[in-house]
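Have the viewer open and follow along.

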Amino acid sequence: MHIEIQRKAEIPLSKQIYLSIVDHIRSGLLQEGVQLPSVRELSKQLEVSLVTVVKAYTKLEQENFVTSIQGKGTFVKANRKEIVDRQKEVHSYNWQLSVQDYLPRSQFAQFHHAPEKIHLSSSMIDPGLLPNRYLEREIYQMLSENPRILSQYGEIQGDEQLRNAMYEYVKEFEAPTTPENILVTSGSQQGIDLVARTFVGPGDVVVMEAPTYPGAIDVFRGRGATILTVPVDQDGMRVDILQNLCDKYKPKVIYTIPTFHNPTGAVMTFKRRKQILNLAQSIQSIIIEDDPWSEIYFDKKPPASIKSMDQYGHVVYVKGLSKTLAPGCRIGILAASGSIFKRLCAAKANTDLGSPLLTQKSILPFIKSKKMIDHTKKLRTALKIRRDLVLELLSKHAPFEVSWIIPKGGLNVWISLPSWIDTNHLLLEAKKQQLTFLPGSACYPVELENHHLRLSYSYMSEQLLHEGVTTLCSIFHSVISSKKQHDNSPFF
């Protein structure tokens, strides 16, 4: 179990240990019944006092994440019989915990393939809304005409024809670049990872929004970065707070999702985009501009990208196609310039020697044709209908104590409950009714806020959305009314 201690951070060491173990548990990296290191072992491993570890373990037990058994140790929360049974296993895998890893967390590991009937936890699009049949025909025709494609490596930078097509495609989002400055990646997640593995090392300061995309948190935490956070309001990242952090810490990387922010749906104003770029230029920082779905707008097109204003190569623009076109192809692009781009190409070579040629060629005809434009228009219409349905159901059935942000694009609704509610606990109840969502705590890099959740309306049919949202609202009512009865009880 890898726990990264940042001794210069303002967060107490005991809380850092507590948060790290919570991340491991929620990511599934520490399973129920697994024994944690002893207080003495962890104290020695992390070079902290026994008191510091005791404080962390005490809080974990108070928050019901672990249980302590006299004379046996501290275990990830499970019933006592399960712990005893695990200890009696003849073929035990517990020795594997002695093998050091460097995974601080992996929030999506437990949500990406959820078996529940109503899957509202991941930002994926209903396969019925994607051009599967067209792509199937293209792949068949391509293999018929060029069967040797399976025995060929693609260019490390990416197929030249696809880079030319993507150059034309991103013009729509006012993200100017050139085919020579485009790197084809295995989804936008790899683009973020390439920047992190190239430019971020232990102790380097990275600024992120809070909340933000969990997959990016996992990447930067895995590099040992010191993560500082800036809250998001209806206009995007708070530039006044960012300014203070930049003055004090001079971050190496600023990661932002300015358009239909994940998870809140906020759209950063053009003014703030310009201000963030100016800040990055003044302190020589890199901006990662993550653009997962700017084409999915419901009212009007969003402001021009930060990349559109970048004259000196501060912005690394990351764009994925997995969400809107073909998740199975795992195609995205990264656009940068200068020596930053050259170093990112080298990192790509070290990582996988280039994305699969087959998948690049598969989507190429679609990207180049009018079909892509038509598909995007239809997708916007279909997703707006689903968004409107969710908003209508929330307005009709949610308790008045529950609030949400109305997204003007993207795939998610960000829902906030009373501060005393932990949505990780709500998720356990939801799963009993074959329903999943993403707890808000997964979206916070440092200080956790547990009373939010992200609901994705893009994957389920309208019928299942209706069932899922009404069920979720029923759970909200049950938890809130139970608290009211408890508070009004004369016995408490």
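## A helix pair

Helix 9 (239–249) and helix 10 (270–283) have axes that come within 11 Å and cross at roughly 5°. Helices here are DSSP runs of H or I with at least four residues, strands are runs of E with at least two, and both are numbered from the N terminus. Axes are lines fitted to C-alpha atoms, for helices over the stretch in contact, with angles from 0 to 180 degrees between N-to-C directions. The two helices are therefore roughly parallel to each other (angles under 35 degrees count as such).

Contact means heavy atoms within 4.5 Å. On the helix 9 side, Val239, Leu242, Gln243 and Cys246 make the contact, and they meet Arg272, Gln275, Ile276, Leu279 and Ile283 of helix 10. By class that gives six nonpolar, two polar and one charged residues. Ala, Val, Leu, Ile, Met, Phe, Trp, Tyr, Cys and Pro count as nonpolar, Asp, Glu, Lys and Arg as charged, and the others, Gly among them, as polar.

A word on the source: this is a predicted model, where local features need pLDDT of at least 70, side-chain atom pairs count only at pLDDT 80 or more, and totals for chains, interfaces and linings use all residues. Residues are numbered from 1 along each chain as its sequence is written, and side-chain values use heavy atoms, leaving out hydrogens and water.

Eight strands form an open sheet with mixed pairing, in the order 4-11-10-9-8-5-6-7; strands pair if DSSP finds at least two bridges between them. Strand 4 (182–185) and strand 7 (236–237) are the edges, each pairing on one side only.

Helix 10 packs on this sheet, touching strands 6, 7, 8, 9 and 10, and its direction makes about 150° with that of strand 9. Helix 11 (338–352) also packs on the sheet, touching strands 4, 9, 10 and 11, at about 25° to the direction of strand 4.

## The largest pocket

The largest pocket holds about 950 Å³ of space. On a 1 Å grid over the protein atoms alone, a pocket is an open set of points with protein on both sides within 12 Å along at least five of seven lines, a cavity is a set where a 1.4 Å probe fits but cannot get out, and lining residues have an atom within 4 Å of a point. Points are joined across faces, edges and corners, and a volume is the space filled by probe spheres set on them.

Of the 41 lining residues, Gln6, Ile11, Ile227, Leu228 and Val446 are closest to the pocket's centre. Strand 6 gives the most, with seven residues.

Technical notes: Angles under 35 degrees count as roughly parallel, over 145 as roughly antiparallel, 65 to 115 as roughly perpendicular and the rest as oblique.
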